[in-house]
Amino acid sequence: MEALKQKILKDGRALNDQVLLVDSFLNHQVDAKLMAQVGEEFARLFANQGITRIMTVESSGIAPAAMTALGMGLPLVIMKKSSSRILSDDTLQTQVHSFTKNSDYQLTVKRKYIHPGDRVLVIDDFLANGEAAFGAARLIEEAGATVAGIGIVIEKAFQPGGRRLAEAGYKVISLARVAKMAENHIEFCD
Ligand code: 5GP
């Protein structure tokens with residue numbers, strides 16, 4: 001998506017060859033107009049696939065996921081990051097390793113917000129090693145639902161998440177794919 005790539009080049013900042021800072025338009029301050037375009041693009045790319053529900057991981061996935069839900073006219077469910085295990089029949093949980101914090105959290109969702117037979121589109125801000133997306137997929141499948149697709153705003157294609165998810169059979173579409181980065185330098189795949 002060209003407008004997104006231009007924004008990343010203009011306002012994004014590679015801290016090093018691993019971490020991209022986009023907190024001026026995606027992770028802290030939000031460019032709502034750009035997010036609306038992102039939502040429209042995901043709605044177009046994942047149209048006619050029988051999707052019934054959008055899901056994301058708090059908190060940075062919420063803006064693009066909400067715009068996608070709006071574009072598709074579907075409910076949005078936010079999976080929570082909990083620090084402790086909840087032992088209850090009405091909650092699903094799975095452990096996920098956080099790329100940015102280098103620590104583990106319990107990805108959590110209430111069963112009443114995901115139903116057997118749902119076809120779920122997972123939306124997230126970044127794809128690095130794929131841990132968050134695999135965690136989301138585990139919860140969705142444990143609920144008896146299907147992952148119909150995974151939409152990523154920015155994929156760091158030099159990290160293994162995209163390949164791992166594709167090998168596991170998931171349909172992944174990323175709006176911007178970063179081929180490589182260095183301090184203050186960003187290159188896209190195409
Ligand atoms: P993964 O689970 O694929 O290893 O990492 C994806 C998650 O880590 C995303 O949900 C995102 O919050 C965070 N993340 C990974 N890489 C970056 C990055 O370069 N910049 C920012 N801002 N977040 C990242």
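Biologist: Where is Asn48 found?

Modeller: Asn48 is in the loop between helix H3 (32-45) and strand E3. Helices (H or I, at least four residues) and strands (E, at least two) are DSSP runs, numbered from the N terminus. Before we go on: this is a predicted model, so local features need pLDDT of at least 70, side-chain atom pairs count only at pLDDT 80 or more, and totals for chains, interfaces and linings use all residues. Residues are numbered from 1 along each chain as its sequence is written, and side-chain values use heavy atoms, with hydrogens and water left out.

Biologist: OK. What is phi of Asn48 near?

Modeller: Phi is near 60° there, a positive value in a residue other than glycine.

Biologist: And is Asn48 buried or exposed?

Modeller: Asn48 is exposed, at 82% relative accessible area. The cut-offs are under 20% for buried and over 50% for exposed, with partly exposed in between (1.4 Å probe, protein chains only).

Biologist: What about Asn102, where is that one found?

Modeller: Asn102 is in the loop between strand E5 (91-97) and strand E6 (104-110). Its phi is positive too, about 50°, although Asn102 is not a glycine. With 60% relative accessibility, Asn102 counts as exposed.

Biologist: Which loop does Ser98 lie in?

Modeller: Ser98 also lies between E5 and E6, but at 10% relative accessibility Ser98 counts as buried. The Ser98 side chain reaches the backbone nitrogen of Lys101 at 3.0 Å. For a polar contact, I take a pair of N or O atoms within 3.5 Å; within protein, one must be able to donate a hydrogen and the other to accept it, and residues adjacent in sequence count only if both atoms are side-chain atoms.

Biologist: Switching topic: which peptide bond is cis?

Modeller: The one from Glu58 to Ser59, with omega near -5°. Ser59 is in the loop between strand E3 (53-57) and helix H4 (62-72).

Biologist: Now the ligand. Which residues come nearest?

Modeller: Leu20, Ala128, Gly130, Ala132 and Lys156 do, out of 16 residues around the ligand. Near means that a heavy atom of the residue lies within 4 Å.

Biologist: How much of the ligand does the protein bury?

Modeller: The protein buries 90% of the 510 Å² that the ligand exposes when taken alone. Those areas come from the Shrake-Rupley method with a 1.4 Å probe; for residues, only the protein chains shown count as cover.

Biologist: Where does the largest share of the shell come from?

Modeller: From E7, with 4 residues. Strand E7 (119-127) and helix H5 (131-142) each supply at least two.

Biologist: Last one: where is Met181 placed?

Modeller: Met181 is in strand E9 (residues 172-182) and is buried, with 6% relative accessible area. Met181 and Asn16 are 165 residues apart along the chain, with their C-alpha atoms separated by 7.0 Å.
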